[in-house]
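Please find below a colleague's note on the structure shown here.

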Amino acid sequence: MHPFDIALSLVIAAGAGSALVFIGVLMQWSLRKARPSPKPAPEYVETVEAGAPSPQPEIADVAPEAAEPVPVVEPAAEAAPVVEAPPRAPVRIGLGLRKTRENFLGRIRAALTGSAKIDEIYEGLEEALIAADVGVEASMKIASAVRVKLGNDNRPDAIRDALKAEIGAILNSADRAPADPGDAPLVIMLVGVNGAGKTTTLAKLAARLKSERGSVIVAAADTFRAAAIEQLEVWCDRAGAEMIKQSQGSDPAAVAFDAVKAAIARRTRTVLIDTAGRLQTKVNLMEELKKIARVVGRELPGAPHETWLVLDANTGQNALSQAKIFGDAVPLTGVVLAKLDSTAKGGVVVGIAERLKIPVRFVGLGEELEDLREFDGREFVEALFASDDAREQSASGSYAA
């Protein structure tokens with residue numbers, strides 16, 4: 001065959017092959033376009049039968065250092081309610097009378113059992129009363145009254161009961177109701193010598209009267225003694241009482257006047273007037289007490305409604321002389337007997353009532369604000385005569401040990 005013919009045949013064959021390839025590609029494209037797109041493979045879901053527990057997903061372990069700490073917010077703690085401590089029970093007066101009672105009852109027993117002779121028995125009674133600081137005059141009167149009542153009856157129980165009744169009658173005869181100013185402030189002035197316990201007694205009174213009557217104003221009228229105002233201010237803070245004061249050396253009557261005037265304006269229930277401790281022999285200082293009483297009386301008629309003498313129970317019979325001279329300066333309406341717990345001379349209560357006819361309003365039995373007890377003559381006598389055998393039974397009473 002001619003070479004030209006061979007080349008032409010090759011060209012025709014190549015073209016036909018290319019045409020067939022093109023037609024095949026075209027057909028495949030057409031078929032792919034017409035075919036729907038394949039759906040994505042469904043995710044594997046494990047079939048769980050009814051009632052079977054659900055499998056828990058696995059949690060990949062995370063290294064501690066790779067885990068971010070999750071802050072834990074703790075709920076705010078509720079504030080605990082403030083529970084006030086219950087007030088301490090006041091000391092029984094029988095505890096304060098323990099020294100007096102032991103001394104007194106020991107001598108009474110000796111007098112009643114030491115002799116059967118009437119004269120010697122009553123001499124022993126007088127000695128026992130004098131030793132308890134009842135006073136010589138009062139002791140003789142009491143022993144004489146018991147002897148007249150019993151005659152020749154020398155039975156110890158009868159004499160003891162008659163003595164107890166006579167002392168109770170003396171205390172009751174001196175008792176009187178405290179002043180009642182109505183809607184006006186009750187004004188109480190405290191007087192006494194240095195060292196009797198006047199400042200602490202005033203603070204105890206302020207705390208007690210505040211709880212019983214309401215608001216209290218304290219007049220710092222002791223402008224003479226150094227640091228007296230500062231000391232009283234500390235006690236007033238503890239008692240929750242307001243204090244009216246001026247500088248040291250000011251006129252005490254002016255301080256008392258300001259306190260009464262403030263109490264009237266503020267409708268305060270009680271005014272307590274502290275005064276400078278003074279010896280009962282200092283005439284000029286006693287005149288100062290008279291001035292305070294006159295000034296507050298002009299501002300509030302009838303004031304001071306009460307004037308109480310604060311006595312140290314340890315002074316014994318000297319308390320009687322103090323009471324007499326203070327009573328000559330200002331009319332005393334009562335006595336507060338401080339430090340009764342530290343003395344065996346508690347019989348001075350009887351001497352004050354018999355000789356001066358002044359009631360004992362309160363007795364001090366310690367240093368705390370609660371250690372001020374209202375005095376009751378009947379309970380005092382019961383505690384004074386409480387024998388060792390009956391002490392436990394008498395302990396239920398307010399005045400027994």
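**Cavity and aromatic pairs**

1. The count of cavities of 30 Å³ or more comes to 1. The model is a predicted one, and the volume of the largest cavity is about 40 Å³.

2. The lining of the largest cavity consists of Phe104, Leu129, Ala132, Val134, Ile167, Gly347, Val350 and Leu384. Sorted by class, this lining holds 7 nonpolar residues and 1 polar residue, with no charged residues. Gly347 belongs to the lining, and Gly is counted as polar under the classification used.

3. Turning to the aromatic rings, the count of pairs is 3. One of them joins tryptophan 308 and phenylalanine 362: the ring centres are 5.8 Å apart and the planes stand at 55 degrees, so the pair is tilted. Because tryptophan 308 lies in strand S5 (residues 306–312) and phenylalanine 362 in strand S7 (residues 360–364), the pair ties together parts that are 54 residues apart in sequence. Tryptophan 308 and phenylalanine 362 are both buried.

4. Phenylalanine 375 and phenylalanine 380 also form a tilted aromatic pair, with 5.2 Å from centre to centre and 50 degrees between the planes.

Technical notes: Residues numbered from 1 in each chain as written. Predicted model: local features only at pLDDT ≥ 70, side-chain atom pairs only at ≥ 80, totals over all residues. Heavy atoms only, no water. Phe/Tyr/Trp six-rings, centres within 6.5 Å; stacked < 30°, edge-to-face > 60°. Helix = DSSP H or I, 4+ residues; strand = E, 2+ residues; numbered from the N terminus. Buried < 20%, exposed > 50% of the residue type's maximum accessible area, 1.4 Å probe, protein only. 1 Å grid on protein atoms, 1.4 Å probe; cavity = no way out; pocket = protein on both sides within 12 Å on 5 of 7 lines; lining within 4 Å. Points joined across faces, edges and corners; volume = space filled by probe spheres on them.
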